[in-house]
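I opened a notebook page for this model and wanted two things from it. How do its helices pack, and where do its aromatic rings meet?

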Amino acid sequence: MFALLILDVQVGLVHAADPPWRCAQLLANINALMEKARRAGAPIFLARHIGPEGSPIGPGSPLTELAPELRLAGGEQVFEKRRPNAFAMTGLAERLRAAGASGVVITGMKTEYCVDSSCRAARDLGFAAVLVADAHSCTDTPQLTAAQIVAHHNATLAGPFCQLVEARDWEFAAAPG
């Protein structure tokens, strides 16, 4: 079974002065994936990135709250992380295994940081990794546009690190039992 992993879809990123590229599409695709996961009985995990005390995204900051546009149903597992890799010091791998997940469908932000490192880590930890090509995003940098960053990571990660799919094409298999 595959679990859905949603990375850092937080108020501080979604509602920033420079919002993520294709933000409305990102949110719509993630919400659609959550609905598909619920129908199949697949677990949903949402990570919130927390920075150091005193930083704009420090513990308790409203910027770290999940974006209100996410259509949560109450059965999702929300956890905090302090590193780009969602598996680092979070117990996520153990929680995935306890939920019966052998793979993880990765979405969220930011492409070049948390999405990239979590895709790579999932494979290193023995999980089948699926990256949803149109359900992760970031913002422009001085060197590259967000569209270029997303395209580069989709091309780089596909194959050796993950299976690449479009949100409309992914279906979660029904959980056994």
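**Ground rules.** I am working from a predicted model, in which local features need pLDDT of at least 70 and side-chain atom pairs count only at pLDDT 80 or more, while totals for chains, interfaces and linings use all residues. Residues are numbered from 1 along each chain as its sequence is written, and side-chain values use heavy atoms, with hydrogens and water left out.

**Entry 1, helix pair.** Two packed helices are described by the angle between their axes and the distance between the axes. I looked up helix α4 (residues 111-124) and helix α5 (residues 146-157), whose axes come within 11 Å and cross at roughly 10°. Helices here are DSSP runs of H or I with at least four residues, strands are runs of E with at least two, and both are numbered from the N terminus. The axes are lines fitted to C-alpha atoms over the stretch in contact, with angles from 0 to 180 degrees between N-to-C directions. α4 and α5 are therefore roughly parallel to each other (angles under 35 degrees).

I then listed the contact (heavy atoms within 4.5 Å). From α4 it takes T111, E112, D116, C119 and R120, and from α5 it takes I149, V150, H153, T156 and L157. These residues divide into four nonpolar, three polar and three charged. In that scheme Ala, Val, Leu, Ile, Met, Phe, Trp, Tyr, Cys and Pro are nonpolar, Asp, Glu, Lys and Arg are charged, and the others, Gly among them, are polar.

Leaving aside residues up to four places away in sequence, H153 touches T111, E112, D116 and A158.

**Entry 3, rings.** I counted three aromatic pairs (ring centres of Phe, Tyr and Trp, the last by its six-membered ring, within 6.5 Å; planes under 30 degrees apart are stacked, over 60 edge-to-face, the rest tilted). F2 and W170 pair edge-to-face, at 5.1 Å centre to centre and 80° between the planes. This pair links distant parts of the chain, 168 residues apart: F2 is in strand β1 (residues 2-7), and W170 is in the segment after β6 (163-165). F2 is partly exposed at 24%, whereas W170 is buried at 10%. The ring centres of W170 and F172 are 5.9 Å apart with planes at 90°, so this pair is edge-to-face. F172 is buried at 9%. Ring pairs link F2, W170 and F172 into a cluster.

Terms used:
Angles under 35 degrees count as roughly parallel, over 145 as roughly antiparallel, 65 to 115 as roughly perpendicular and the rest as oblique. Buried means under 20% relative accessible area, exposed over 50%, partly exposed in between (1.4 Å probe, protein chains only).
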